Amino acid sequence: MPVPPDHAFFIDPNRCIGCQACVHACAECDTHKGVSMIHLEYLDRRLSTQTAPVICMHCDSPTCAEVCPADAISKTADGVVQSARKPRCIACNNCVLACPFGVPKMQTEVELMMKCDMCYDRTSAGKKPMCATVCPSQALFFGTRDDVERLRPNSTPVNRFQFGAQEVQTKVYVMVPSAAPPNVLDMNAAMHPGSGTPGIHVNLLDTIQPHSKP
Amino acid sequence: MPDETSSVSPAPDGRPTAEQPRWRRDFPVDSEQAAYVGRRDFVKFMLLPSGAFFVGQVWIGLHSLRSGDDGPPLRRVATLTDIPVGGALVFHYPSPLDPCLLVRPDEDTLLAYSQACTHLSCPVQPDVAAGRLNCPCHNGVFDLKTGRPVSGPPRRPLPRINLEVRDGVISATGVEPRT
């Protein structure tokens, strides 16, 4: 049974309170007990408490699968990029280095790359992913596009990202402010604000001045 | 190729699927494509084992043609003077690892059987006076005249060794496996 086609995953880093509930809920899953397949990113720990959950974006053309020399990562017909298959993964770290979003993590103890598979056992049975069910602020939201537009009138979902020359379209959406929603999120510009490259402000630290270098 | 309704992930370079290199079709990203086996590929794969069988058969045929099937060789076992009436002796036939018994119950009779009991291959011991071959391991008993099991665990007769006597020389000419 596929993931319901009208359902999508929406990440709203603005709402993330850094409680780690998603990470721990992921780690409790029976299929990979004790190991979390997602993680929480601190944007700039010295200046802010702001965090952002990092789940797999499930690219239409997944770079991790493209670079896998062992053909261990595959994408299902409903667009979910699966975690590496244990019999095939050779723990080469290619996917870890290649993923533009920094999603795959190498579990060196078991020599296996494990990454978010959108809780395929749950979503393909019509349930929400574990992280989305536990997120108290719904920074991780799994539902229909109508739902998210009704609940978040000030945000617009975007699923196209520009990394240098590579444009990536994903199954998972990121919520950006509706004021001037871009077609494509220029990630390099967002990571280095003020470098002259025109970008959009997904950056959540607008009110905080960048720290000066000593 | 899989049916056209199944989705194919776009390649990173953005060119259409038809222009992509061959390896991209062989190692697809999509699990649906990866699990797909074309009819032609399937038939090719099926030809591997059947082709191997065919080559093996040809090889066996050539091998048997070249070596010929002469059966076990004729081998000198003993002379009539070596074995007294009522006596027995052990010889090896057809290979040095196959012990056999030659028994002479009376003046004009020579019998030879494989010595390996048909139960668990213990060597059978002749009791010419009683007309039996006894296996000491599990009390198997064979009839000396026919080599057939009389009592005990063995259910199959002992293979008989065909003999030929010429000018007082006893030779083994073949093994007669029996059921």
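**Note on the predicted two-chain model**

1. In this predicted model, strand β7 (residues 140-143) of chain B pairs with β8(B) in the antiparallel sense, over two bridges. Within this pair, V141(B) lies opposite S151(B) of β8(B). Strands of a sheet pair through backbone hydrogen bonds, in either a parallel or an antiparallel arrangement.

2. The pair belongs to an open sheet of four strands in chain B, ordered β5-β6-β7-β8 and antiparallel in its pairing. The edges of the sheet are taken by β5 (125-127) and β8 (149-151) of chain B; each has a single partner strand, so one side of each is left without a neighbour in the sheet. On average, neighbouring strands of this sheet are turned by 35 degrees against each other, direction ignored.

3. Chain B also contains a hairpin, formed by β2(B) and β3(B) with six residues between them. Strand β2 (residues 88-92) and strand β3 (residues 99-106) of chain B run antiparallel and are joined by five bridges. One of the residue pairings can be named: A88(B) has V103(B) as its bridge partner in β3(B).

4. Chain A has 214 residues, of which 34% are buried, and its secondary structure comprises seven helices and nine strands. Of the contacts in chain A between residues at least 6 apart in sequence, 54% join residues at least 24 apart.

5. Which residues touch the most other members of the largest nonpolar core? They are I11(A), I55(A), C131(A) and L140(A), in a core of 50 residues. At least two residues of this core come from each of β1 (7-11), α1, α2 (63-67), α5 (130-134), β6 (140-144) and β8 (166-177) of chain A. The greatest contribution is that of β8(A), with six residues. In soluble globular proteins, nonpolar side chains tend to be buried together.

6. Residues up to four places away in sequence being left out, I55(A) touches I11(A), I38(A), C116(A), C131(A), L140(A) and V172(A).

7. The C-alpha atoms of A27(A) and M37(A) are separated by 7.1 Å, the two residues being ten apart along the chain.

8. Between the chains, eleven residues of chain A are in contact with twelve residues of chain B. The chain A side of this contact divides into three nonpolar, four polar and four charged residues. For the complex, the predictor gives an ipTM of 0.72 and a pTM of 0.62.

9. Chain B has a mean pLDDT of 88, with 94% of its residues at 70 or more. Confidence in chain B is highest in β7(B), at 95, and lowest in helix α1 (residues 22-26) of chain B, at a mean of 85. Over residues 1-5 of chain B the pLDDT is below 50, and this stretch has three contacts in the model beyond near neighbours in sequence. Where pLDDT is low, the predicted coordinates should not be read in detail.

Key. Residues are numbered from 1 along each chain as its sequence is written. Chains are lettered from A and ligands numbered from 1 in the order in which they are written. This is a predicted model: local features need pLDDT of at least 70, side-chain atom pairs count only at pLDDT 80 or more; totals for chains, interfaces and linings use all residues. Two residues are in contact if their C-beta atoms, placed from the backbone, lie within 7 Å. Ala, Val, Leu, Ile, Met, Phe, Trp, Tyr, Cys and Pro count as nonpolar, Asp, Glu, Lys and Arg as charged, and the others, Gly among them, as polar. A residue is buried if 20 or more other C-beta atoms lie within 10 Å of its own, exposed if 12 or fewer, and partly exposed in between; C-beta atoms are placed from the backbone. Two strands pair if DSSP finds at least two bridges between them. Axes are lines fitted to C-alpha atoms, for helices over the stretch in contact, and angles run from 0 to 180 degrees between N-to-C directions. A nonpolar core is a set of buried Ala, Val, Leu, Ile, Met, Phe, Trp, Tyr and Cys residues joined through C-beta atoms within 7 Å. pLDDT is the predictor's confidence in each residue, from 0 to 100.
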